[in-house]
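Hi,

Here is the structure I promised to pass on. Please have a look, and below I've written up what turned up in it.

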Amino acid sequence: MALSEPAAAAATFERRVLRSAGEHHYLRVWLELPDGGARPSAAQFKQLVVSALRELHGEVGAALPVDVLTYEEKTLSAILRVVSSGLVKLWSALTLLGFYQNRRCAFRVLQVKPCGDWIGQQ
Amino acid sequence: MAGFADLNLPQGSDKKSLQALLETAAHLGYSAVALNHVIDFKEKKQEIVKPVSPSELFPSLPVVQGTSKRIKVLTRLTLVISDPSHCNLLRSTSPNIRLYDIIAVFPKTEKLFHIACTTLDVDLVCINVTEKLPFYFRRPPVNMAIDRGIYFELLYTPAIKDSTMRRYTISNAISLMQICKGKNIVISSAAERPLELRGPYDVANLGLLFGLSEGEAKAAVSTNCRATMLHGETRKSACGIVYTVKKPRKVEEEETLPACKKAKTQA
Amino acid sequence: MVRFKNRYVLCEVVSEDPQCRQCIEDRAVGLAVRDAIGRVHGDFGLACCSISFTVKYLNAYTGTVLLRCRKDSYRLLCSALPFVRQLESRNQRYPCFLNTLHVGGTIRTCQKFLIEYNRRQLLLLLQSCTNEEERRCVQKSLLRCSLTEEQCLSGNEDDDDDGTETD
Amino acid sequence: MSLPPLQRLRQAPRHLLVCEKGHARHARSRHAAHVRDHAYNCRVSFLIPECGLLPEVLKSTIADVGEYYLVRNLPVHELVAHDFIDAFVKKGSCYALTYKTKIDQDNTAALLPNGNLILSVDKDTYEELGLQGRPSKYSGKKVMRYIITIDLTDSGFHPDSKKHNRVLWALKENKPLEFDFLLAWYHTGAEGSTLVSYFSKNQIETLKPKITFSTLRDLQCPLLESNELYGKPEESCSTEELFEWLGAVLNQVSLDNKSSSFLSTYCCPQPNTIVEKAFLCTITGFIIPEKIIQLLEQLCCYFGEPKLACWLTLTVHGFADSPVSWRENEHGFHKGGENLYNFVIFRNLDYWLQMAVGTNDDCPP
């Protein structure tokens, strides 16, 4: 590769501004369960998220594309990805979820970011 | 903006569970909570007791997460009124009532809702979220309440517990929003267990479901709570009342003085 | 005075089973629609739609139903209507579906539309008539089908012109 | 703003992403200025594909990121004292930011290297303080937050001046404000007194940035073309795709899911190649822009020798609760408080710069 040909390549400065461009939003969540009892597996966790959506927003909500990007069974923490137009729906569904297998539970949303890269700071 | 607050933690009798609630609230980032003592006049004769002193109950308060401050604990009295005679208690200057930081009423009928909004000296009006609204909200009393700096309280815990109550919560909230246009709303929990509490940003997001805008929803867990506390303080310490009256009186004097002079010269 | 904008959704019950007509009554239709909203849009959708939701008018004979809801939530209602699968009353179930005919801001526009719609239906019927007796009968009804008579919805007193409700 | 509730449900919080393309050696390139203007940085991470071992130069640059200090219960008036201004603010770049304060709830203060002290205070404090400020842009119709800017290096701000005395009186007697501060000082030239000795009577702690290294094996990397910010189908990926991929890598998200998979359908943007190993380094702490510029410079020099990698990235996160993002642009916290930028440096020293801010923010410069 030629390394000393900057002048030609440098000429094109370009700038673009994107407003709310990201297609997805990312949530870092943590499921709080009372001590003891079964912990959901990754599939059960996703099932729980989808059922929360179905309860509050019906089949339309359950059809929202939600990805469980990471899930750690030990700590019950996960990173979810959802299309931006479904963020409020997903978030509210998680907030209003009160039970997992007839036991009380609570979703704690730790971070909400418009891009995956932004999650996990501080 | 002010810190986040949850103005409704049921006081209950169990100190240990209350401690757990406080710790969870602090952990979730609430910087102030109010312990709620509910008096329902339907159930026999109930005395208004002195509020518990938070400092006695909890020698050391938990630290709010992400800050170095301790959580602030207030006392609150909620009167469930189902008959106009119950209001008399509020009008009479009961010494114990004055001791509470926040006073709320839960009117059961339209007439009582009207009274609560227009004449009662309270800080909060609770909105029924567990059953179908027994009456329609009307604009005059709601506007009057907004002018008087009274806030409307919506609870979210019933919506977590049960699907039917969730529907009533949302539909009653939206009905209210159509009248009050998102102004003067406070969202609080009434959580009996730590797992029923939700974080302030989650609750603010829930506000969108209730028909609030993003700014209004965030205000419902922060600035509006602060305003309620200040309203309570003003009521408690009477000096606030002098303060608010001060300005209009000045204007009045300026206007009336020349009129008096005129009258004198004419006579 | 506060005005709340409403939307009126006119639809017809389509069923293969002629017995289904027995089921077309306020309660059964209301329940079926609520059930569909609950399935499609969940508790939130149901909560939104239930504000001022009623079955405003119903004609069991022609299978026409007029539903009312708040303007804000009519999209939720309309999108759930195709998911009504059956009507149920007195322990009888009949499979059927709802065909949305018209969405209007006032009862009057729905009424106008319904009369026009019925006229067209009668014309179709006229073409398929086989004997003279039938033909005369349909023609007679066709002539009666005009807005002045307001056959279909007369007697519906809260027929507010601007489709609003006063408070 | 009076949207029906149903439409509100579909709206996600606003955010802005600015993408720039330029050349690192171009005379008028503003990339270093952008780094310099972003004063408060809490995390810096860089990713070099096709790199197993870090060159010594880079290692020493990382080691040199420098210490920062945490002073507990520091009254704000100490920052406007002339001893402090003469010893630190006027000699070099002094950075200070309140620690563990929430920009959307509490009072917050920040000292910028240009000598501007910024106080972001709520309505009550503002009224008690008696200093002139302006309402915050993002506090709605009822103003609940005010921003006060004091220029410490202003010629009119000498000791005994009316202005100085007023500020001192307000912060010392009228409404004493006290915070835990993160401090850092960058100076060239003669050694003067140090922050540690200056604040020895206060509780001062010296903190070191936390540095972690990791080597990622068999990583799917998107193909990038320095001229194509938007990407070209089948040929290269766009900036947004890269941004998303980077997030996935930093969070150890699996990249090879199938579109039919139940758990997650995320996969690496197309086209991509598998890189045998990639080097990831993350530095967390209170990192001053001068050090980031040094690091950026060294990363550019990385391509001085022929390398397998076509590009590398440098991501810098700002403090979510800082009162400013770039320069003195107001920064707020709505739901995420994000303010960050990301460099992609190509082999020919072309760069992409992505600057992103969240809801309550001005557009990046």
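A word on terms: axes are lines fitted to C-alpha atoms, for helices over the stretch in contact, and angles run from 0 to 180 degrees between N-to-C directions. Helices are DSSP runs of H or I with at least four residues, strands are runs of E with at least two, and both are numbered from the N terminus.

This is a predicted model, in which local features need pLDDT of at least 70, side-chain atom pairs count only at pLDDT 80 or more, and totals for chains, interfaces and linings use all residues. Residues are numbered from 1 along each chain as its sequence is written, and chains are lettered from A and ligands numbered from 1 in the order in which they are written.

In chain C, the axes of helix α3 (residues 107–127) and helix α4 (residues 132–144) come within 10 Å and cross at roughly 165°. That makes α3(C) roughly antiparallel to α4(C) (over 145 degrees counts as such). From α3(C), C:Arg119, C:Leu122, C:Leu125 and C:Leu126 meet C:Arg135, C:Val138, C:Gln139, C:Ser141 and C:Leu142 of α4(C) (contact: C-beta atoms, placed from the backbone, within 7 Å).

In chain B, helix α6 (residues 139–147) has B:Pro141, B:Val142 and B:Ala145 as its buried residues (20 or more other C-beta atoms within 10 Å of a residue's own; exposed means 12 or fewer). Their cover includes α5 (110–118), β5 (124–126) and α8 (163–180) of chain B. On the face turned away from the buried side, α6(B) carries the exposed B:Pro140 and B:Asp147. B:Gly149, with a positive phi near 80°, follows α6(B).

Best wishes

Conventions: Two residues are in contact if their C-beta atoms, placed from the backbone, lie within 7 Å. Angles under 35 degrees count as roughly parallel, over 145 as roughly antiparallel, 65 to 115 as roughly perpendicular and the rest as oblique.
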